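Okay everyone, thanks for coming. Let's have the sequence and the structure up on the screen, please.

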Amino acid sequence: MYKRQELVSAFEGLIGTTARTADYVTDQSNSATQDSILSATANSVASVNATAASIGNSYALDAAANVVADLAQINQGYGTSSVATVYNAVSEVTETAASIGNTGSFNADGALLDLAIDQNNLGGQTSNLVTIQNMVAEATSTAASIGNSLAVEMPGGSKLTATQSNSGTMIADLTGMIASTVDYTATAASIGNSYALTSLDSGIAGNVSSSLNQWNGAGQIAKVTANIAASTNAAATAAAIGNSVSINVE
């Protein structure tokens, strides 16, 4: 009877472990061109959200159980995103032109992740945004071009090994003509490789094990041209970055 109980307990333990572990192996390859074009006019509208996005490869995983994942992305295609807008008497505006070669997103609150990720972008990415605004209360305009983007949020005890390689030129160009606006924020960002990691519950479970290699062999160009008149607050940023790493331990 005792041995039988041991076997039952061992079997239940095995089932409990394997039932909560998933294995994923994913390969993504793109060699074609992506173009997104958006034109919008708004007058006397409460809220406007306008987005044009061109992405070579995109992967997102939201885990509730323990996961082992192997992801390989290669993009050879060129991406172009164009936004042209005219706004008058609008309360809130959010507009984005984004071109990304490879993007990966992983999220787990209580489950452990064991990740191996390889991102390789060879295609140039271009984002263009032109906006004319009058009497807008609050507006945010963003043009972003990224070769490889990786965002991970996982608990302590998880493991990640990643490589990001970019050889595509990134161009972000934003032009704004702004009048009688309360708050306006303009951002043009060109990034070869971007990595953001958030380690959750580190005080209880320990830190995440993270190993990352980034390689950028191409240029980044970011440009903002802003004509702002009779406005209360305005901020403009042009940022060109080869490799970016952000780690937040909670």
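So, a polar atom on the side chain of Gln 73 sits 3.1 Å from the backbone oxygen of Thr 103. That's a polar contact, a pair of N or O atoms within 3.5 Å; within protein, one must be able to donate a hydrogen and the other to accept it, and residues adjacent in sequence count only if both atoms are side-chain atoms. The side chain of Gln 73 has another partner: a polar contact of 2.7 Å links it to the side chain of Gln 28.

Quick word on where this comes from: it's a predicted model, where local features need pLDDT of at least 70, side-chain atom pairs count only at pLDDT 80 or more, and totals for chains, interfaces and linings use all residues. Numbering starts from 1 along each chain as its sequence is written, and side-chain values use heavy atoms, leaving out hydrogens and water.

Is Gln 73 buried or exposed? Buried, because its relative accessible area is 2%, and buried means under 20%, exposed over 50%, partly exposed in between, with a 1.4 Å probe and protein chains only. Gln 73 lies in strand E3, residues 66-75; strands are DSSP runs of at least two residues, numbered from the N terminus. Leaving out residues up to four places away in sequence, Gln 73 touches several others, including Asn 57, Tyr 59 and Asp 118, where contact means heavy atoms within 4.5 Å.

Now compare Val 86, in strand E4, residues 79-108. Val 86 counts as partly exposed because its relative accessibility is 38%.

Last, confidence: pLDDT, the predictor's confidence in each residue from 0 to 100, averages 91 over the protein chain. Over residues 7-19, though, pLDDT stays under 50.

How values were computed. Helix = DSSP H or I, 4+ residues; strand = E, 2+ residues; numbered from the N terminus.
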